[in-house]
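Here's a quick briefing to read with the model open beside you. Let's look at one helix, a few strands and what gets packed between them.

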Amino acid sequence: ISTRTSRYTLRPDGIVVQTIVAGDTHTVADAKENVAAFRRLAAGVKRPCLVDMRRSYSTDRGVREYYAGPEATEFCGGFALLVGSAATRMIGNLFLAMNRSPLPVRMFTDEAPAVEWLLRFRGA
């Protein structure tokens, strides 16, 4: 599933992968479109999500809060944030510091340990 800012895939192991594709500013409307895409792939089942945010981007006010809210987290078992640069690490740290998620969230620089960590949250 593709949105204006992201591409979503469902891995055979049940992990939903969100890959950021647009480097411009993400809006609340984009966040809502992204959550709808995640929910469609989740199909009513709690699934862990790997967010590949190695592409640098910025967000409008309210985006981080929306992603940490109940609509965005209802079908998610946990988030692994995959970062690759100082800029994306800063965005990830900002998200974690400003929005206490009700779900487990960790940042990673390598996909393999992120996937290993996420596998414990399938169906959580």
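Helices here are DSSP runs of H or I with at least four residues, numbered from the N terminus. Keep in mind that this is a predicted model. With that in hand, start at the helix called H1, which is followed by alanine 43, a residue with a positive phi near 50 degrees.

**Helix H1**
- H1 covers residues 28–42, and at 1.5 Å a residue its 15 residues should span 21 Å; the end C-alpha atoms are 21 Å apart, so the two agree.
- Its buried residues are Asp30, Ala31, Asn34, Val35, Ala37, Phe38, Leu41 and Ala42.
- These cover an arc of only 160 degrees around the axis, which means they sit on the same side of H1.
- Turned away from that buried side, the other face carries exposed Ala29 and Arg40.

**The cores**
- The largest nonpolar core has 19 residues, and Phe38, Met53 and Phe79 touch the most other members.
- At least two residues each come from E2, H1, E4, E6 and E7, with H1 giving the most, four.
- Another core, of 11 residues, lies apart from it and includes Val17 and Trp117.

**Strand E2 and its partners**
- All five residues of E2 are buried: Val16, Gln18 and Ile20 on one side, Val17 and Thr19 on the other.
- E1 (residues 6–10) pairs with E2 in the antiparallel sense over five bridges, and tyrosine 8 stands opposite glutamine 18.
- Five residues separate E1 and E2 in their hairpin, where glycine 14 in the turn has a positive phi of about 95 degrees.
- With E4, E2 pairs in the parallel sense over four bridges; here threonine 19 stands opposite aspartate 52.

Methods: Residues are numbered from 1 along each chain as its sequence is written. This is a predicted model: local features need pLDDT of at least 70, side-chain atom pairs count only at pLDDT 80 or more; totals for chains, interfaces and linings use all residues. Side-chain values use heavy atoms; hydrogens and water are left out. The expected span of a helix is 1.5 Å times one less than its number of residues. Buried means under 20% relative accessible area, exposed over 50%, partly exposed in between (1.4 Å probe, protein chains only). The arc is that of the directions from the helix axis to the C-beta atoms. A nonpolar core is a set of buried Ala, Val, Leu, Ile, Met, Phe, Trp, Tyr and Cys residues joined through side-chain atoms within 4.5 Å. Two strands pair if DSSP finds at least two bridges between them.
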